[in-house]
Amino acid sequence: MSPDVTHERALVRALPWLLLVVGVVYDLSTPPEFTAAPLFTAAPLIAAPFYSLLSTSLIGAASCLAVLGLHFNNTTTDVEAVTELLTLVTVAVLAALINSVVRRSDQQLASARTISETAQRAVLPQPDHRIGGLDIAARYEAADADAFIGGDLYAVQDTPHGVRVIVGDVRGKGMGAVAAVAVVIGAFREAAEQEATLEAVAQRLERALAREGTRRNGLDAFEGFTTAVLAEIPHGDRAIRILNRGHPEPLLLRGDGRLCVLSASEPALPLGMGDLGGWPDRADEAEFPPGAMLLLYTDGLSEARDIRGEFYNPAARLGGRIFPGPHGPDMLLATLAEEVRRHTGGGGTDDMALLAVRRPDAADAPADAPSDVTGRD
(Lines give C-alpha, C1' and ligand atoms only; values in the text may rest on other atoms or scores of the structure.)
Protein backbone atom coordinates (compact mmCIF):
# COMPACT_ATOMS: atom_id res chain seq x y z
CA MET A 1 0.00 0.00 0.00
CA SER A 2 1.38 3.41 -0.97
CA PRO A 3 2.08 6.09 1.69
CA ASP A 4 -0.54 8.38 0.08
CA VAL A 5 -3.27 5.77 0.52
CA THR A 6 -2.16 5.15 4.12
CA HIS A 7 -2.36 8.87 4.92
CA GLU A 8 -5.79 9.17 3.30
CA ARG A 9 -7.15 6.28 5.37
CA ALA A 10 -5.68 7.76 8.57
CA LEU A 11 -7.36 11.09 7.79
CA VAL A 12 -10.73 9.44 7.13
CA ARG A 13 -10.53 7.49 10.39
CA ALA A 14 -9.74 10.69 12.32
CA LEU A 15 -12.47 12.68 10.59
CA PRO A 16 -15.42 11.77 12.92
CA TRP A 17 -13.58 13.04 16.00
CA LEU A 18 -12.40 16.13 14.11
CA LEU A 19 -15.99 16.89 13.16
CA LEU A 20 -17.04 16.68 16.81
CA VAL A 21 -14.25 19.04 17.89
CA VAL A 22 -14.93 21.50 15.06
CA GLY A 23 -18.67 21.36 15.81
CA VAL A 24 -18.15 22.22 19.48
CA VAL A 25 -15.73 25.07 18.65
CA TYR A 26 -18.07 26.42 15.98
CA ASP A 27 -21.13 26.32 18.24
CA LEU A 28 -19.34 28.04 21.14
CA SER A 29 -17.83 30.78 18.95
CA THR A 30 -20.97 31.74 17.01
CA PRO A 31 -24.33 33.32 17.99
CA PRO A 32 -27.05 30.95 19.28
CA GLU A 33 -29.01 31.05 16.04
CA PHE A 34 -26.13 29.28 14.26
CA THR A 35 -25.93 25.50 14.75
CA ALA A 36 -23.30 22.84 14.16
CA ALA A 37 -25.87 20.04 14.05
CA PRO A 38 -24.87 18.93 10.50
CA LEU A 39 -21.30 18.25 11.72
CA PHE A 40 -22.52 16.21 14.68
CA THR A 41 -24.87 14.28 12.39
CA ALA A 42 -22.12 13.47 9.89
CA ALA A 43 -19.67 12.12 12.49
CA PRO A 44 -21.34 8.73 13.24
CA LEU A 45 -22.23 8.19 9.57
CA ILE A 46 -18.59 8.63 8.53
CA ALA A 47 -17.46 6.35 11.36
CA ALA A 48 -19.80 3.49 10.40
CA PRO A 49 -17.76 1.99 7.50
CA PHE A 50 -14.37 2.38 9.18
CA TYR A 51 -14.83 1.82 12.92
CA SER A 52 -15.98 -1.10 15.04
CA LEU A 53 -19.58 -1.24 16.25
CA LEU A 54 -18.49 -0.13 19.73
CA SER A 55 -16.49 2.84 18.42
CA THR A 56 -19.30 3.87 16.06
CA SER A 57 -21.76 3.75 18.96
CA LEU A 58 -19.40 5.80 21.13
CA ILE A 59 -19.10 8.47 18.43
CA GLY A 60 -22.89 8.55 18.11
CA ALA A 61 -23.26 8.92 21.90
CA ALA A 62 -20.57 11.62 21.98
CA SER A 63 -22.45 13.56 19.27
CA CYS A 64 -25.68 13.38 21.29
CA LEU A 65 -23.95 14.47 24.50
CA ALA A 66 -22.22 17.34 22.69
CA VAL A 67 -25.52 18.64 21.32
CA LEU A 68 -27.21 18.23 24.69
CA GLY A 69 -24.42 20.09 26.50
CA LEU A 70 -24.31 22.91 23.95
CA HIS A 71 -28.08 23.46 24.23
CA PHE A 72 -27.73 23.81 27.98
CA ASN A 73 -25.04 26.42 27.33
CA ASN A 74 -27.11 28.30 24.73
CA THR A 75 -30.51 29.95 25.04
CA THR A 76 -32.20 27.86 22.35
CA THR A 77 -35.78 26.66 22.72
CA ASP A 78 -36.70 23.26 24.07
CA VAL A 79 -38.30 22.35 20.74
CA GLU A 80 -35.04 22.99 18.85
CA ALA A 81 -33.03 21.00 21.37
CA VAL A 82 -35.41 18.02 21.32
CA THR A 83 -35.58 18.04 17.49
CA GLU A 84 -31.80 18.04 17.07
CA LEU A 85 -31.34 15.40 19.74
CA LEU A 86 -33.95 13.07 18.19
CA THR A 87 -32.32 13.56 14.80
CA LEU A 88 -28.93 12.64 16.19
CA VAL A 89 -30.26 9.59 18.03
CA THR A 90 -31.88 8.39 14.81
CA VAL A 91 -28.67 8.94 12.84
CA ALA A 92 -26.59 7.17 15.51
CA VAL A 93 -28.87 4.11 15.38
CA LEU A 94 -28.70 4.08 11.57
CA ALA A 95 -24.89 4.34 11.74
CA ALA A 96 -24.78 1.31 14.04
CA LEU A 97 -26.97 -0.66 11.60
CA ILE A 98 -24.76 0.38 8.67
CA ASN A 99 -21.71 -0.70 10.63
CA SER A 100 -23.21 -4.14 11.26
CA VAL A 101 -23.98 -4.60 7.55
CA VAL A 102 -20.46 -3.50 6.57
CA ARG A 103 -18.87 -5.86 9.09
CA ARG A 104 -20.88 -8.81 7.77
CA SER A 105 -19.89 -7.89 4.21
CA ASP A 106 -16.23 -7.71 5.24
CA GLN A 107 -16.48 -11.17 6.80
CA GLN A 108 -18.04 -12.58 3.63
CA LEU A 109 -15.34 -10.92 1.53
CA ALA A 110 -12.61 -12.33 3.77
CA SER A 111 -14.16 -15.78 3.40
CA ALA A 112 -14.31 -15.36 -0.39
CA ARG A 113 -10.67 -14.29 -0.44
CA THR A 114 -9.68 -17.34 1.58
CA ILE A 115 -11.53 -19.60 -0.84
CA SER A 116 -9.91 -17.83 -3.81
CA GLU A 117 -6.44 -18.16 -2.32
CA THR A 118 -7.04 -21.86 -1.65
CA ALA A 119 -8.25 -22.38 -5.22
CA GLN A 120 -5.22 -20.56 -6.58
CA ARG A 121 -2.81 -22.71 -4.59
CA ALA A 122 -4.60 -25.84 -5.81
CA VAL A 123 -4.81 -24.84 -9.48
CA LEU A 124 -1.67 -22.69 -9.74
CA PRO A 125 0.80 -23.90 -7.12
CA GLN A 126 3.87 -21.76 -6.73
CA PRO A 127 6.77 -23.61 -8.39
CA ASP A 128 9.96 -24.32 -6.49
CA HIS A 129 12.71 -21.72 -6.81
CA ARG A 130 15.00 -24.39 -8.24
CA ILE A 131 13.79 -26.99 -10.74
CA GLY A 132 16.04 -29.16 -12.87
CA GLY A 133 19.05 -26.98 -12.09
CA LEU A 134 17.26 -23.78 -13.23
CA ASP A 135 16.24 -20.74 -11.19
CA ILE A 136 12.47 -20.25 -11.35
CA ALA A 137 10.05 -17.50 -10.32
CA ALA A 138 6.32 -17.14 -11.00
CA ARG A 139 3.87 -14.39 -10.19
CA TYR A 140 0.12 -13.92 -10.66
CA GLU A 141 -1.33 -10.40 -10.52
CA ALA A 142 -5.15 -10.24 -10.58
CA ALA A 143 -6.69 -7.14 -12.15
CA ASP A 144 -9.51 -7.33 -9.58
CA ALA A 145 -8.05 -6.98 -6.10
CA ASP A 146 -10.81 -9.26 -4.72
CA ALA A 147 -10.30 -12.01 -7.32
CA PHE A 148 -7.14 -14.06 -6.85
CA ILE A 149 -7.43 -16.29 -9.87
CA GLY A 150 -8.81 -16.03 -13.38
CA GLY A 151 -7.96 -17.42 -16.80
CA ASP A 152 -4.17 -16.97 -16.81
CA LEU A 153 -2.02 -20.00 -16.09
CA TYR A 154 1.55 -21.26 -15.73
CA ALA A 155 3.25 -24.54 -14.87
CA VAL A 156 6.79 -25.90 -14.70
CA GLN A 157 7.62 -29.60 -14.96
CA ASP A 158 10.96 -31.39 -14.74
CA THR A 159 10.72 -34.34 -17.15
CA PRO A 160 13.00 -36.94 -18.77
CA HIS A 161 13.06 -34.64 -21.81
CA GLY A 162 14.15 -31.57 -19.86
CA VAL A 163 12.39 -28.83 -17.95
CA ARG A 164 9.12 -28.04 -19.68
CA VAL A 165 7.13 -24.87 -19.14
CA ILE A 166 3.74 -23.51 -20.15
CA VAL A 167 2.23 -20.04 -19.79
CA GLY A 168 -1.24 -19.45 -21.18
CA ASP A 169 -4.40 -17.38 -21.13
CA VAL A 170 -7.86 -18.95 -21.28
CA ARG A 171 -10.55 -16.97 -23.03
CA GLY A 172 -13.20 -15.67 -20.67
CA LYS A 173 -13.55 -15.11 -16.94
CA GLY A 174 -15.16 -16.69 -13.93
CA MET A 175 -15.41 -20.31 -12.90
CA GLY A 176 -15.59 -21.51 -16.51
CA ALA A 177 -12.14 -20.07 -17.16
CA VAL A 178 -10.82 -21.53 -13.91
CA ALA A 179 -12.12 -24.96 -14.93
CA ALA A 180 -10.37 -24.64 -18.31
CA VAL A 181 -7.16 -23.63 -16.52
CA ALA A 182 -7.34 -26.80 -14.44
CA VAL A 183 -7.86 -28.88 -17.60
CA VAL A 184 -4.90 -27.30 -19.43
CA ILE A 185 -2.51 -27.62 -16.50
CA GLY A 186 -3.56 -31.19 -15.76
CA ALA A 187 -3.14 -32.19 -19.40
CA PHE A 188 0.21 -30.40 -19.61
CA ARG A 189 1.68 -32.15 -16.58
CA GLU A 190 0.69 -35.57 -17.92
CA ALA A 191 1.76 -34.87 -21.52
CA ALA A 192 5.04 -33.23 -20.47
CA GLU A 193 6.09 -36.47 -18.83
CA GLN A 194 4.96 -38.81 -21.58
CA GLU A 195 5.45 -37.05 -24.90
CA ALA A 196 8.85 -36.94 -26.58
CA THR A 197 8.39 -33.57 -28.30
CA LEU A 198 6.78 -30.20 -27.61
CA GLU A 199 4.69 -30.63 -30.73
CA ALA A 200 3.17 -33.79 -29.27
CA VAL A 201 2.52 -31.99 -25.97
CA ALA A 202 0.65 -29.25 -27.82
CA GLN A 203 -1.50 -31.81 -29.62
CA ARG A 204 -2.38 -33.47 -26.29
CA LEU A 205 -3.50 -30.09 -24.96
CA GLU A 206 -5.55 -29.54 -28.11
CA ARG A 207 -7.38 -32.82 -27.59
CA ALA A 208 -7.93 -32.12 -23.89
CA LEU A 209 -9.56 -28.77 -24.66
CA ALA A 210 -11.68 -30.37 -27.37
CA ARG A 211 -13.01 -32.87 -24.82
CA GLU A 212 -13.64 -30.02 -22.37
CA GLY A 213 -15.49 -28.07 -25.04
CA THR A 214 -18.01 -30.85 -25.54
CA ARG A 215 -18.92 -30.60 -21.84
CA ARG A 216 -19.42 -26.80 -21.87
CA ASN A 217 -22.56 -25.14 -23.10
CA GLY A 218 -23.29 -21.96 -25.01
CA LEU A 219 -20.70 -19.56 -26.37
CA ASP A 220 -17.74 -21.09 -24.52
CA ALA A 221 -18.38 -24.47 -26.12
CA PHE A 222 -18.26 -22.87 -29.58
CA GLU A 223 -15.61 -20.19 -29.22
CA GLY A 224 -13.49 -21.28 -26.26
CA PHE A 225 -9.73 -21.18 -26.81
CA THR A 226 -6.46 -20.77 -24.95
CA THR A 227 -3.39 -18.89 -26.10
CA ALA A 228 -0.24 -20.60 -24.84
CA VAL A 229 3.51 -20.75 -25.21
CA LEU A 230 5.39 -23.96 -24.44
CA ALA A 231 9.10 -24.09 -23.69
CA GLU A 232 11.54 -26.97 -23.29
CA ILE A 233 15.03 -26.66 -21.80
CA PRO A 234 16.89 -29.98 -22.29
CA HIS A 235 19.16 -31.18 -19.49
CA GLY A 236 22.83 -30.49 -20.18
CA ASP A 237 22.08 -28.48 -23.33
CA ARG A 238 22.52 -24.73 -23.91
CA ALA A 239 19.43 -24.61 -26.14
CA ILE A 240 15.78 -23.80 -25.58
CA ARG A 241 12.82 -24.85 -27.72
CA ILE A 242 9.73 -22.66 -27.98
CA LEU A 243 6.31 -23.49 -29.40
CA ASN A 244 3.87 -20.58 -29.58
CA ARG A 245 0.12 -21.00 -30.02
CA GLY A 246 -1.12 -17.44 -30.52
CA HIS A 247 0.49 -16.08 -27.34
CA PRO A 248 2.64 -12.97 -26.68
CA GLU A 249 6.23 -13.57 -27.72
CA PRO A 250 8.65 -14.71 -25.00
CA LEU A 251 11.73 -12.61 -24.22
CA LEU A 252 15.27 -13.88 -23.67
CA LEU A 253 17.37 -11.55 -21.52
CA ARG A 254 21.06 -12.42 -21.60
CA GLY A 255 23.39 -11.97 -18.67
CA ASP A 256 24.96 -8.84 -20.25
CA GLY A 257 21.57 -7.14 -20.75
CA ARG A 258 21.10 -7.96 -24.42
CA LEU A 259 17.49 -8.83 -25.16
CA CYS A 260 16.05 -11.09 -27.85
CA VAL A 261 12.38 -11.44 -28.78
CA LEU A 262 11.67 -15.11 -29.50
CA SER A 263 9.27 -14.76 -32.40
CA ALA A 264 7.64 -17.83 -33.93
CA SER A 265 8.92 -18.75 -37.38
CA GLU A 266 5.38 -19.76 -38.35
CA PRO A 267 2.27 -18.30 -36.67
CA ALA A 268 -0.18 -20.80 -35.19
CA LEU A 269 -3.73 -20.68 -33.88
CA PRO A 270 -4.45 -20.81 -30.14
CA LEU A 271 -5.23 -24.12 -28.51
CA GLY A 272 -8.85 -25.19 -28.87
CA MET A 273 -9.24 -23.80 -32.40
CA GLY A 274 -8.19 -26.94 -34.26
CA ASP A 275 -11.56 -27.09 -36.05
CA LEU A 276 -10.63 -23.95 -38.01
CA GLY A 277 -7.58 -25.48 -39.65
CA GLY A 278 -4.86 -28.08 -39.40
CA TRP A 279 -1.54 -26.24 -39.22
CA PRO A 280 1.29 -28.48 -38.02
CA ASP A 281 3.04 -27.38 -34.83
CA ARG A 282 6.71 -26.53 -35.18
CA ALA A 283 8.99 -25.62 -32.26
CA ASP A 284 11.73 -23.03 -32.76
CA GLU A 285 15.14 -23.41 -31.14
CA ALA A 286 17.34 -20.67 -29.67
CA GLU A 287 20.52 -20.51 -27.61
CA PHE A 288 20.02 -20.37 -23.83
CA PRO A 289 23.48 -19.68 -22.38
CA PRO A 290 24.43 -19.54 -18.69
CA GLY A 291 23.24 -16.34 -17.01
CA ALA A 292 20.40 -15.88 -19.53
CA MET A 293 16.79 -15.56 -18.41
CA LEU A 294 13.60 -16.51 -20.23
CA LEU A 295 10.50 -14.40 -19.55
CA LEU A 296 7.05 -15.74 -20.37
CA TYR A 297 3.99 -13.60 -19.72
CA THR A 298 0.33 -13.06 -20.59
CA ASP A 299 -1.16 -10.04 -22.32
CA GLY A 300 -1.98 -8.42 -18.98
CA LEU A 301 1.65 -7.24 -19.14
CA SER A 302 2.01 -6.24 -22.79
CA GLU A 303 -1.47 -4.68 -23.04
CA ALA A 304 -1.36 -2.66 -19.82
CA ARG A 305 -2.24 0.95 -20.77
CA ASP A 306 -1.38 4.28 -19.22
CA ILE A 307 -3.75 7.28 -19.10
CA ARG A 308 -2.79 8.16 -22.70
CA GLY A 309 -3.70 4.68 -23.90
CA GLU A 310 -0.08 3.64 -24.55
CA PHE A 311 0.82 -0.01 -23.99
CA TYR A 312 3.54 -1.15 -21.64
CA ASN A 313 6.33 -2.56 -23.83
CA PRO A 314 8.35 -5.14 -21.85
CA ALA A 315 10.95 -5.59 -24.61
CA ALA A 316 11.69 -1.85 -24.73
CA ARG A 317 11.74 -1.56 -20.93
CA LEU A 318 14.02 -4.54 -20.23
CA GLY A 319 16.68 -4.10 -22.89
CA GLY A 320 20.05 -3.33 -21.31
CA ARG A 321 18.97 -4.22 -17.77
CA ILE A 322 20.58 -6.96 -15.69
CA PHE A 323 19.01 -9.13 -12.98
CA PRO A 324 21.93 -11.27 -11.79
CA GLY A 325 22.21 -14.25 -9.48
CA PRO A 326 19.78 -16.93 -8.34
CA HIS A 327 17.30 -14.26 -7.20
CA GLY A 328 17.31 -12.63 -10.62
CA PRO A 329 13.94 -14.15 -11.68
CA ASP A 330 12.24 -12.87 -8.51
CA MET A 331 13.77 -9.42 -8.97
CA LEU A 332 12.69 -9.32 -12.61
CA LEU A 333 9.06 -10.20 -11.86
CA ALA A 334 8.85 -7.81 -8.90
CA THR A 335 10.24 -5.03 -11.11
CA LEU A 336 7.73 -5.75 -13.87
CA ALA A 337 4.79 -5.80 -11.44
CA GLU A 338 5.82 -2.47 -9.92
CA GLU A 339 6.42 -0.83 -13.30
CA VAL A 340 3.01 -1.95 -14.57
CA ARG A 341 1.35 -0.48 -11.47
CA ARG A 342 3.10 2.82 -12.10
CA HIS A 343 2.36 2.69 -15.84
CA THR A 344 -1.37 2.09 -15.33
CA GLY A 345 -1.71 4.39 -12.35
CA GLY A 346 -2.54 1.67 -9.87
CA GLY A 347 -3.57 -1.48 -11.69
CA GLY A 348 -4.28 -3.03 -15.05
CA THR A 349 -7.61 -4.11 -16.52
CA ASP A 350 -6.54 -7.71 -17.16
CA ASP A 351 -4.94 -10.44 -15.08
CA MET A 352 -1.20 -10.91 -15.50
CA ALA A 353 0.79 -14.13 -15.17
CA LEU A 354 4.59 -13.93 -15.23
CA LEU A 355 7.16 -16.72 -15.30
CA ALA A 356 10.94 -16.31 -15.40
CA VAL A 357 13.46 -19.12 -15.92
CA ARG A 358 17.20 -18.49 -15.51
CA ARG A 359 20.13 -20.76 -16.35
CA PRO A 360 22.74 -20.36 -13.58
CA ASP A 361 26.25 -19.31 -14.51
CA ALA A 362 29.67 -19.89 -12.95
CA ALA A 363 29.37 -16.78 -10.75
CA ASP A 364 26.37 -18.18 -8.85
CA ALA A 365 28.32 -20.63 -6.68
CA PRO A 366 31.90 -21.45 -5.69
CA ALA A 367 33.74 -23.66 -8.12
CA ASP A 368 33.94 -26.49 -5.59
CA ALA A 369 30.23 -26.37 -4.74
CA PRO A 370 28.34 -29.59 -5.50
CA SER A 371 26.13 -29.57 -8.55
CA ASP A 372 22.46 -28.91 -8.00
CA VAL A 373 20.26 -31.99 -7.97
CA THR A 374 16.54 -31.48 -7.60
CA GLY A 375 13.54 -33.70 -7.51
CA ARG A 376 10.83 -33.69 -10.08
CA ASP A 377 8.19 -30.92 -9.82
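These legends describe close-up views of a predicted model.

**View 1. The whole protein, before zooming in.**
The secondary structure comes to 10 helices and 11 strands. The protein has 377 residues, and 41% of them are buried. Take the contacts between residues at least 6 apart in sequence. Of these, 72% join residues at least 24 apart.

**View 2. An open sheet of 5 strands.**
The strands follow the order β3-β4-β5-β6-β9, and their pairing is antiparallel. Which strands stand at the edges? They are β3 (152-159) and β9 (284-287). Each has a single partner strand, so one side of each is left without a neighbour in the sheet. On average, neighbouring strands here are turned by 20° against each other, direction ignored. Strands of a sheet pair through backbone hydrogen bonds, and this can happen in a parallel or an antiparallel way.

**View 3. The β5 and β6 pair.**
This view picks out two strands of the sheet. Strand β5 covers residues 226-233, and strand β6 covers residues 239-245. They pair in the antiparallel sense, over 5 bridges.

D152 has its place in strand β3. Is D152 buried or exposed? Its relative accessible area is 1%, so D152 counts as buried. The side chain of D152 makes a polar contact with the side chain of T298, at 2.8 Å. A polar atom of the D152 side chain also lies 3.5 Å from the backbone nitrogen of A353. Leaving aside residues up to four places away in sequence, D152 touches L124, Y140, G168, D169, V181, T298, D351, M352 and A353.

**View 4. Strand β10, enclosed.**
How many of the 5 residues of strand β10 (residues 293-297) are buried? The count is 5 of the 5, so the strand is largely enclosed by the rest of the structure. Both of its faces are covered. On one side sit M293, L295 and Y297, and on the other sit L294 and L296. In a regular strand, side chains alternate between the two faces of the sheet.

**View 5. The partners of β10.**
Strand β7 (residues 251-253) is joined to β10 by 3 bridges, and the two run antiparallel. Here L252 stands opposite L294 of β10. Strand β11 (residues 352-358) also pairs with β10 in the antiparallel sense, over 5 bridges. In this pairing, Y297 has L354 of β11 as its bridge partner. Y297 itself is one of the buried residues of β10.

**View 6. The buried face of helix α2.**
Helix α2 spans residues 37-47. Its buried residues are A37, F40, T41, A43, P44 and A47. Where do they fall, seen down the axis of α2? They keep within an arc of 150°, so they line one face of the helix.

How many disulfides does the structure hold? The number is 0. C64 is buried, because its relative accessible area of 12% falls under the 20% limit. C260 is partly exposed, with a relative accessible area of 33%.

Methods: Residues numbered from 1 in each chain as written. Predicted model: local features only at pLDDT ≥ 70, side-chain atom pairs only at ≥ 80, totals over all residues. Heavy atoms only, no water. Disulfide = S-S within 2.5 Å. Buried < 20%, exposed > 50% of the residue type's maximum accessible area, 1.4 Å probe, protein only. Pairing = 2+ DSSP bridges. Helix = DSSP H or I, 4+ residues; strand = E, 2+ residues; numbered from the N terminus. Axes fitted to C-alpha atoms, helices over the stretch in contact; angles between N-to-C directions. Polar contact = N/O pair within 3.5 Å; in protein donor to acceptor, adjacent residues only side chain to side chain. Contact = heavy atoms within 4.5 Å. Arc of directions from axis to C-beta.
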